[in-house]
2 protein chains.
Amino acid sequence: MNLQELFGKRVRELRQKQELSQEALAFKAGIDRTYMTSIENGKRNVSIQNIEKVITALDVPVKDFFASDIFIEGKK
Amino acid sequence: MNLQELFGKRVRELRQKQELSQEALAFKAGIDRTYMTSIENGKRNVSIQNIEKVITALDVPVKDFFASDIFIEGKK
């Protein structure tokens, strides 16, 4: 998996942990819902400004967001 | 500082630690040198595909790249 796909996987993991719908997270992040769906599906070459919006909306420090084993296992 | 600027700051930190020139890192990452300069200066809304190219070229795991206090102090 590439980083784009791993990023989507981690967003989904955190969103579901917080029991947020994609729509709710998209709204919080100020991002269109369909754009959020494509981010989670790893289909979007998301920009760092939108990465920041999503991570901020998930209310997780950047360090913690990327401290997940998703970014290790995924790379094998 | 926003994430775009913090990302650039961290790239510069790691590049200089490895005593690489911007040109050398840009070449390793397959990115244009001027693009790399703008990334380091926090002026580029860099995409996740290019983020992956740069982190891979720095030969640092994603987790370790973002485990830096740059991403904490910078956010204050």
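Me: Which share of the contacts in chain A, between residues at least 6 apart in sequence, joins residues at least 24 apart?
Reply: That share is 61%, where contact means heavy atoms within 4.5 Å. This is a predicted model, where local features need pLDDT of at least 70, side-chain atom pairs count only at pLDDT 80 or more, and totals for chains, interfaces and linings use all residues. Residues are numbered from 1 along each chain as its sequence is written, chains are lettered from A and ligands numbered from 1 in the order in which they are written, and side-chain values use heavy atoms, with hydrogens and water left out.

Me: Thanks! How many helices and strands does chain A have?
Reply: Chain A has six helices and zero strands, running α-α-α-α-α-α from the N terminus. Helices (H or I, at least four residues) and strands (E, at least two) are DSSP runs, numbered from the N terminus.

Me: What radius of gyration does chain A have?
Reply: It is 11 Å for chain A, which agrees with the value near 11 Å that a compact globule of 76 residues would have. The radius is taken over C-alpha atoms, and the globule rule is 2.2 Å times the number of residues to the power 0.38. The C-alpha trace of chain A spans about 35 × 20 × 20 Å along its principal axes.

Me: And how much of chain A is buried?
Reply: Buried residues make up 51% of the 76 in chain A. Buried means under 20% relative accessible area, exposed over 50%, and partly exposed in between (1.4 Å probe, protein chains only).

Me: Switching to helix packing: how do α1(A) and α4(B) sit relative to each other?
Reply: The axes of α1 (residues 3–17) of chain A and α4 (residues 48–57) of chain B come within 9 Å and cross at roughly 115°. The two helices are therefore roughly perpendicular to each other; angles under 35 degrees count as roughly parallel, over 145 as roughly antiparallel, 65 to 115 as roughly perpendicular and the rest as oblique. Axes are lines fitted to C-alpha atoms, for helices over the stretch in contact, with angles from 0 to 180 degrees between N-to-C directions.

Me: Which residues make that contact?
Reply: From α1(A) they are A:Leu3, A:Gln4 and A:Phe7, and from α4(B) they are B:Ile48, B:Gln49, B:Ile51 and B:Glu52.

Me: Last topic, backbone angles. What is phi of B:Glu19?
Reply: Phi of B:Glu19 is near 50°, positive in a residue other than glycine. B:Glu19 is in the loop between α1 (3–17) and α2 (22–29) of chain B.

Me: Is B:Glu19 buried or exposed?
Reply: B:Glu19 counts as exposed, at 75% relative accessibility.
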